[in-house]
Amino acid sequence: MGHLLKNKKNEYTGWLVVIGAVVLLLEILFFNPGLIFSLFVSGGMIYLGRKWSGKKKGKVLFYGGIIFLAISILSMKTFKFLLFAILLHYIIQFYQSKKNPKKIPLVLTESDKVPHEETLIKSKPLFENIFFGQQKTPSGAYEWEDINIQAGIGDTSIDLSYTMLPKGETVIFIRNIIGNIQIQVPYELEVSVHHSCLTGSTSVFDHHESKVFNQVFHLKTPGYETAEQKVKIFTSLLVGNLEVSRI
């Protein structure tokens, strides 16, 4: 049950990221092209504020960027329309539930099975879902866990040379709005890359595309299907660059 709830949460979070990206794109294309400048400025202020968090000017930049970002988002026409649509949806749902209340029949069953508590092991993930900031794997040896994250504005860097990957297929799943993704893999490791991007550049080993616009592609090494140890990479970017290289 916990696994299903976690999958549902990841699914909802993914949909929120997609909806937010679509709303942002519609606002920029049809209503306010200058919004992208405001978002870059506020994102830069927040990034520098986090980088200089120990200094007074870092705190000023960070909170100033948060306020500037909030003002930019609240002024979006598409954001206001989305809030109105959500409110209207809940009003209709409430009215329908009052008009036709759902009846749940009471079913009594007898069971000879004795319920027991299942043991679960919780571990700390390598990366967290963040809206702003940079994340990267440790510079020394670390224990590997599959990655499945959503990020907002920032860079993600993964170095697989400092960890011991398990036999079978290792999975890396990253959704990012604005930023760069860099993944370094050992030479003996077979790789499959599924990537989608609105605009940016991609570099997967010897395959380079300097200008990518609204593309989806799949690349894999020749021995991937029969390899005992391999890594499957799923990445999604609204704006940014993907680099997968050997180390």
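**Entry 1: the chain as a whole**

I began by counting elements, and the protein chain has four helices and eight strands, where helices (H or I, at least four residues) and strands (E, at least two) are DSSP runs numbered from the N terminus. I noted that this is a predicted model, in which local features need pLDDT of at least 70 and side-chain atom pairs count only at pLDDT 80 or more, while totals for chains, interfaces and linings use all residues. Residues are numbered from 1 along each chain as its sequence is written, and side-chain values use heavy atoms, with hydrogens and water left out.

Reading from the N terminus, I found the order α-α-α-α-β-β-β-β-β-β-β-β. I then looked up burial, and 32% of the 247 residues in the protein chain are buried; buried means under 20% relative accessible area, exposed over 50%, and partly exposed in between (1.4 Å probe, protein chains only).

**Entry 2: helix α2**

I checked the length of α2, whose 17 residues should span 24 Å at 1.5 Å a residue, and its end C-alpha atoms are 24 Å apart, which agrees; the expected span is 1.5 Å times one less than the number of residues. Its buried residues are L35, S38, L39, S42, G43, I46 and G49. They cover an arc of only 125 degrees around the axis, which puts them on the same side of α2; the arc is that of the directions from the helix axis to the C-beta atoms. The face of α2 turned away from that buried side carries the exposed residues F37 and K51.

I looked at F37 separately, and it counts as exposed because its relative accessibility is 62%.

**Entry 3: helix α3**

Which residues of α3 are buried? I listed G58, G65, L69 and S72. They cover an arc of only 65 degrees around the axis, which puts them on the same side of α3. On the other side of α3 I found exposed residues, including K56, Y63 and L74.

The buried residues of α3 pack against α2 (35-51) and β1 (130-132), with contact meaning heavy atoms within 4.5 Å.

I ended with I73, which lies in helix α3 and counts as partly exposed because its relative accessibility is 29%. I73 and L35 are 38 residues apart in sequence, yet their C-alpha atoms are 8.9 Å apart in space.
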